[in-house]
Amino acid sequence: MMKLGLVSAILPTLSFEELIDYAAGVGFKCVEVCCWPKGEAARRYAGVTHIDLNGLTEEKMKYYKDYAEKKGVSISSLAFYPNPLDADEEAARECIDHLMKLIEVSAKMGVNMVTTFIGKDKNKTVEENLEKYVKVWTPIVRHAEECGVRIGIENCPMYYTKDEWPGGNNLASTPYIWRKMFELIPSKNLGLNYDPSHPYLIGADYIKPLYEFKDRIFHVHFKDIKIDQDKVNEYGMFSYPALWHSPKLPGLGGVDFGAFCSALNDIRYDGPACIEVEDRAFEGCLEDVKTGIEIAYRYMRQYL
């Protein structure tokens, strides 16, 4: 049976203990714990640090895992979503270094999962990015293999805003690219953190890929989006999507979560499935955020 969980990014002001206490109180079985380096975030829902790797001891690692388990909550993954293929080599190197450390910490904690982005140089072609991917990601994946850690790549295109245009900041957005990724770096430790809202955004089938890539689905996000057709008519779908779409709680957008969960059951997926809340209608204050989380929990609980 799938474990219904929560992505911690929406609760940046809570401590690790407050996060786990809240998740347990709602009824979540797992949490995807955000582990960015401390510092200013470059975008919304990034830069969240519920476990800080700086000065992290093995004693503290054990404490985090034990604390969650005592509350009946598992840590589904250590999460960090940067751009390791950034055109800025220094920025890319910082991302890669942190990702390598996160893999080691995930292994030492017994979590054995890291969720992240492949990254992308938005001004280069897919083919050029795939060449860069092989150079950058081969050592990262080998490190994960040595540590016994699986890497779940989220299928988000990361081209929502003007600054992410034209090509987006994450390569791993379509089945064609996933096939190339797995062909170029053939490793059982490399898979997907699959979110149906991203194929829905680009007009692609979000059910069919589950069957083809069933052995590569390591982690799942439950997020929805609403597409404003009047704004699509005004700007066109080749404009950046922030002009014509908005993230929503599961069930309040266009994704058919009944069909999606049915397909997950078909492929016998029994891993973590974490609600990702980015609905601005529920961001007025912390209580609004919690209300949104709890609405989403009740909605998704019917399918699990």
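This is a predicted model: local features need pLDDT of at least 70, side-chain atom pairs count only at pLDDT 80 or more; totals for chains, interfaces and linings use all residues.

**Helix α9 and its surroundings**

Modeller: Happy to! The buried residues of α9 pack against β6 (190-194), α7 (208-212), β7 (217-222), β8 (224-227) and α10 (286-301); contact here means heavy atoms within 4.5 Å. Residues are numbered from 1 along each chain as its sequence is written, and side-chain values use heavy atoms, leaving out hydrogens and water.

Helix α9 covers residues 257-266, and its buried residues are Phe257, Phe260, Cys261, Ala263 and Leu264 (buried is under 20% relative accessible area, exposed over 50%, partly exposed in between, with a 1.4 Å probe and protein chains only). These residues lie on the same side of α9 because they cover an arc of only 155 degrees around the axis, taken from the directions from the helix axis to the C-beta atoms. An α-helix has 3.6 residues a turn, so residues three or four places apart point the same way.

Now for a helix pair. Helix α4 (residues 126-147) packs with α5 at an angle of about 30 degrees, their axes 10 Å apart. That makes the two helices, α4 and α5, roughly parallel (angles under 35 degrees count as roughly parallel, over 145 as roughly antiparallel, 65 to 115 as roughly perpendicular and the rest as oblique). From α4, Val126, Glu127, Leu130, Tyr133 and Val134 meet Tyr176, Ile177, Lys180, Met181 and Leu184 of α5. By class, this contact of α4 with α5 has eight nonpolar, no polar and two charged residues.

The loop between β5 (150-154) and α5 (175-184) holds Met158. Met158 is not a glycine, yet its phi is positive, near 55 degrees. Most residues other than glycine have a negative phi. Met158 is buried, with a relative accessible area of 7%.

Asn112 sits in the loop between α3 (89-109) and β4 (113-116), and is partly exposed, with a relative accessible area of 29%.

Notes:
Helices (H or I, at least four residues) and strands (E, at least two) are DSSP runs, numbered from the N terminus. Axes are lines fitted to C-alpha atoms, for helices over the stretch in contact, and angles run from 0 to 180 degrees between N-to-C directions. Ala, Val, Leu, Ile, Met, Phe, Trp, Tyr, Cys and Pro count as nonpolar, Asp, Glu, Lys and Arg as charged, and the others, Gly among them, as polar.
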